[in-house]
Amino acid sequence: MSKFASGLPRFAGWLILGVILGGIGLIIYRSYPPESSSLFPRCSFYALTGWKCPGCGSQRMLHHLLNGNFADAFRSNALILISLPYLLVLGSMNIPGVRERFPRLRQAISGRIACLTVFTVIVLWWILRNIFSW
Amino acid sequence: MKNYYYADQHNIQQGPFDLEELRTKPINRNTLVWHSGLSQWTLASQVKELSDLFEHIPPTLNVPAGTPSTPTSSLPPRTWLIEAILVTICCCTPLGIVGIVYAAGVESKWRRGMYAEALQASAEAGRWVKIGFGIGICIYLIGILSMFVFPLSSLGFPFFMHHPFWHV
C-alpha cells in the first residue's frame, strides 16, 4: 500500500542511482587505462607481498573489454572475464522479484555446491596465476 | 525494557518492538523471534512470553517423518554470494573468502529445514562482506589521502605506498 505511495516502487531510487553511477563508472573505465592515474585503486595485497590476488588486473580487464579488446582483456584477468556472465546473473538475483521467480536457477548458482565451486576456483586461480604468471 | 525482533514472511528482520507491540504483529508458532539474551533466533512458540498467544490455535498437523516442517516463507535469506565474490576480487580477499564459505550454508540449511541456522549463516556472510568492504574503502582512502598529506608520507606512512608498484 505505502509501497507505491509515491507512484514508484521502493527500490526505484536505488535503481536510478545505480544506473547513473554505473554508467559514469563504465565511461571512466572505457576512457582511461587504469595504469594512467593513481586515483584508480591499487591492490594492497600485491603492494605488500608482490603476489597477485585473484582480482588483480580486473580494472585493466574492464578497460580492454569496454574497448572491445578481448585478447588484452583475457591476458589481464582471464578468470573474471570468463565468469562475467555468471556474475551478472548472480547479481540480478538481488533485484526484487527475480529471486522468487527463478528458485531453481537461484539454487543452481548460489546453493552449497555453487558456493564451494566458487571457493575452489578462486583459491586455485590465486595459486596458479602466481606460479605461472597468468 | 527488552527489545524484540521477528522475521516477517519475507525473512526481513522487523523491530525493535516492546513485548506489547510484538504481540500485535502477525506472528505464528513458526515465526523466528529474537530478543536480547537469546543466542539464536527462536521459534515464537518456544518464547515463553508469547506462548499464550497460541494456546487456542491448533498446531500444524504432523507431517510424515523425513519431510521438513513448513518454513515461515519459501524464500531463503540472501546468500551474499555476489557481494562476497566482489569483496574477494576487489577489496579484501581473505574476508571475501570467509563470506563465500558462510554463503555456502545458507540455501542448503534452509532446504533441510534449519531455518534459524540459515538466517544465522546469512547474517554471518553479510557481516564479513561488510567488514571486508569497509577495509577496502579505508585502504583506498588512505592511499588517496597520502598522496596529498605530505607530513604523513614523509614519515613513511602508509608504508606499502612506497612499493614501486604504487608509482606507476
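In which sense do strand 1 and strand 2 of chain B pair, and over how many bridges? In this predicted model, the two strands run antiparallel to each other and are joined over 3 bridges. The legends below begin with the two chains and then turn to close-up views.

Figure 1. Chain A contains 8 helices and 0 strands, and its pattern along the sequence is α-α-α-α-α-α-α-α. Chain B has 5 helices and 4 strands, arranged along the sequence as β-β-α-β-β-α-α-α-α. Of the 134 residues in chain A, 25% are buried; of the 168 residues in chain B, 35% are buried. Among contacts in chain A between residues at least 6 apart in sequence, 38% join residues at least 24 apart. For chain B, residues 24 or more positions apart account for 52% of the contacts with a separation of 6 or more.

**Figure 2. The open antiparallel sheet of chain B.** The sheet is built from 4 strands in the order 2-1-3-4. Strand 2 and strand 4 (42–43) each have a single partner strand, so one side of each is left without a neighbour in the sheet. Strands of a sheet pair through backbone hydrogen bonds, in either a parallel or an antiparallel sense. Strand 1 pairs with strand 3 of chain B in the antiparallel sense over 3 bridges, and within this pairing B:Tyr6 has B:Val33 of strand 3 as its bridge partner.

Figure 3. B:Pro16 belongs to strand 2 of chain B. Most residues other than glycine have a negative phi, and most peptide bonds are trans.

**Figure 4. The largest nonpolar core, with 59 residues.** The members that touch the most other members are B:Leu81, B:Ala84, B:Val87, B:Ile100, B:Ala103 and B:Ala125. From chain A, the elements that give two or more residues to this core are helix 3 (58–66), helix 5 (78–92) and helix 8 (112–132). From chain B, they are strand 1 (4–7), strand 3 (32–35), helix 2 (81–91), helix 3 (93–111) and helix 4 (115–148). Domain 1 (4–54) and domain 2 (81–166) of chain B each provide at least three residues of the core. Beyond its neighbours within four places in sequence, B:Ala125 contacts B:Thr79, B:Trp80, B:Ala84, B:Gly99, B:Tyr102, B:Ala103 and B:Val106.

**Figure 5. The contact between chain A and chain B.** The contact takes 30 residues from chain A and 26 residues from chain B. On the side of chain B that touches chain A, helix 2, helix 3 and helix 4 each supply at least two residues. Helix 3 of chain B gives the largest share of this side, 8 residues. By class, this side of chain B has 19 nonpolar, 6 polar and 1 charged residues.

**Figure 6. The buried and exposed residues of helix 7 (residues 103–110) of chain A.** A:Arg106, A:Ile109 and A:Ser110 are the buried residues of this helix. They lie on the same side of helix 7, because they cover an arc of only 80 degrees around the axis. The face turned away from the buried side carries the exposed residues A:Arg104 and A:Ala108. The cover over the buried residues includes helix 5, helix 6 (98–101) and helix 8 of chain A, as well as helix 2 and helix 3 of chain B.

**Figure 7. Positive phi at B:Trp80 and A:Ser133.** B:Trp80 lies in the loop between strand 4 and helix 2 of chain B. Although not a glycine, B:Trp80 has a positive phi of about 65 degrees. B:Trp80 counts as buried because 26 other C-beta atoms lie within 10 Å. A:Ser133, also not a glycine, has a positive phi of about 50 degrees and is found in the segment after helix 8 of chain A. A:Ser133 has 7 C-beta neighbours inside 10 Å and therefore counts as exposed.

Methods:
Residues numbered from 1 in each chain as written. Chains lettered and ligands numbered in written order. Predicted model: local features only at pLDDT ≥ 70, side-chain atom pairs only at ≥ 80, totals over all residues. Core = buried A, V, L, I, M, F, W, Y, C linked by C-beta atoms within 7 Å. Buried ≥ 20, exposed ≤ 12 C-beta atoms within 10 Å, placed from the backbone. Domains from an automatic or database assignment. Contact = placed C-beta atoms within 7 Å. Pairing = 2+ DSSP bridges. Nonpolar A, V, L, I, M, F, W, Y, C, P; charged D, E, K, R; others polar. Arc of directions from axis to C-beta.
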